[in-house]
Amino acid sequence: PVIDVGDLEEFAIRPAPQGVTVKCRITRDKKGMDRGMYPTYYLHLEREHGKKVFLLAGRKRKKSKTSNYLISIDPTDLSRGGESFIGKLRSNLMGTKFTVYDNGVNPIKTTSSLEASILRQELAAICYETNVLGFKGPRKMSVIIPGMNMDHERVSIRPRNEHETLLARWQNKNTESVIELHNKTPVWNDDTQSYVLNFHGRVTQASVKNFQIIHDNDPDYIVMQFGRVAEDVFTMDYNYPMCALQAFAIALSSFDSKLACE
């Protein structure tokens with residue numbers, strides 16, 4: 001089925017259609033003055049015959065204490081105040097935990113009289129853990145996303161304080177109305193002497209950054225996968241209940257994670 005993008009902003013936060021894998025590609029642009037330090041990442045939807053449709057662009061903000069990526073629906077405007085700003089990804093100081101927000105208002109910057117509907121939603125949280133093998137083996141990722149209601153719509157999670165965040169809910173085992181996902185553990189392959197996952201031809205280069213995200217109840221259903229196909233080109237595929245913004249931000253966190261550098 002051909003995926004109709006239509007309104008980019010609406011498409012970016014709409015969960016993938018059930019039963020359809022949305023196949024995308026991320027290109028990393030390191031050209032230009034400071035792109036080596038702050039590359040721009042572009043997400044395109046892949047179409048038949050090599051055609052591509054632009055979806056999102058992301059870039060790390062400079063002068064930010066923690067990693068802070070702005071995500072935009074305009075490949076040329078990656079400013080915080082721009083019309084095209086659609087969401088952001090922010091890390092903790094350690095660079096091991098990340099939160100994905102939409103473009104709503106930060107609760108700290110508002111007075112309580114404001115309507116809840118303009119408060120920012122948390123769309124995902126990502127936690128990276130070192131593994132028992134230290135830095136040599138596969139990483140462990142946990143991804144927490146809002147759950148879906150009976151109408152297959154995303155539950156709106158708009159925390160007003162630290163205790164209501166996705167990370168806090170997950171850490172306190174309060175997983176009502178959230179979905180906890182993990183990366184699929186790669187299997188050791190004696191022939192290649194490396195840990196491998198089956199990407200069914202979508203990933204051609206070995207990299208510690210390659211991953212597949214699953215729910216423990218159904219390890220064969222790949223909610224999202226990401227992997228390298230060339231020096232600065234990666235494939236990123238996602239399925240229901242994930243949306244493009246969630247998947248792209250999770251991929252950006254993987255480029256950035258301090259534990260992802262091994």
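In this predicted model, aspartate 232 and lysine 30 form a salt bridge, and their closest N and O atoms are 3.8 Å apart. Aspartate 232 sits in the loop between strand E13 (218-230) and strand E14 (233-238), while lysine 30 belongs to the loop between E1 and E2, so the contact ties together parts that are 202 residues apart in sequence. Both partners can also be described by their accessibility. Aspartate 232 is partly exposed, with a relative accessible area of 21%, and lysine 30 is likewise partly exposed, at 37%.

A further salt bridge joins glutamate 46 to arginine 202, with 2.9 Å between the closest N and O atoms. Glutamate 46 is part of strand E2, whereas arginine 202 lies in the loop between strand E11 (194-196) and strand E12 (211-215); the pair therefore connects parts that are 156 residues apart in sequence. Arginine 202 has a relative accessibility of 15% and counts as buried, because buried means under 20% relative accessible area.

Glutamate 46 also meets the side chain of arginine 25 in a salt bridge, with an N to O distance of 2.7 Å. Here strand E2 (residues 40-46) holds glutamate 46 and strand E1 (residues 22-29) holds arginine 25, so the pair ties together parts that are 21 residues apart in sequence. Arginine 25 is partly exposed, at 27% relative accessibility.

For the model, the count comes to eight salt bridges, among them the one between aspartate 232 and lysine 30.

Notes: Residues are numbered from 1 along each chain as its sequence is written. This is a predicted model: local features need pLDDT of at least 70, side-chain atom pairs count only at pLDDT 80 or more; totals for chains, interfaces and linings use all residues. Side-chain values use heavy atoms; hydrogens and water are left out. A salt bridge is a side-chain nitrogen of Lys or Arg within 4 Å of a carboxyl oxygen of Asp or Glu. Helices (H or I, at least four residues) and strands (E, at least two) are DSSP runs, numbered from the N terminus. Buried means under 20% relative accessible area, exposed over 50%, partly exposed in between (1.4 Å probe, protein chains only).
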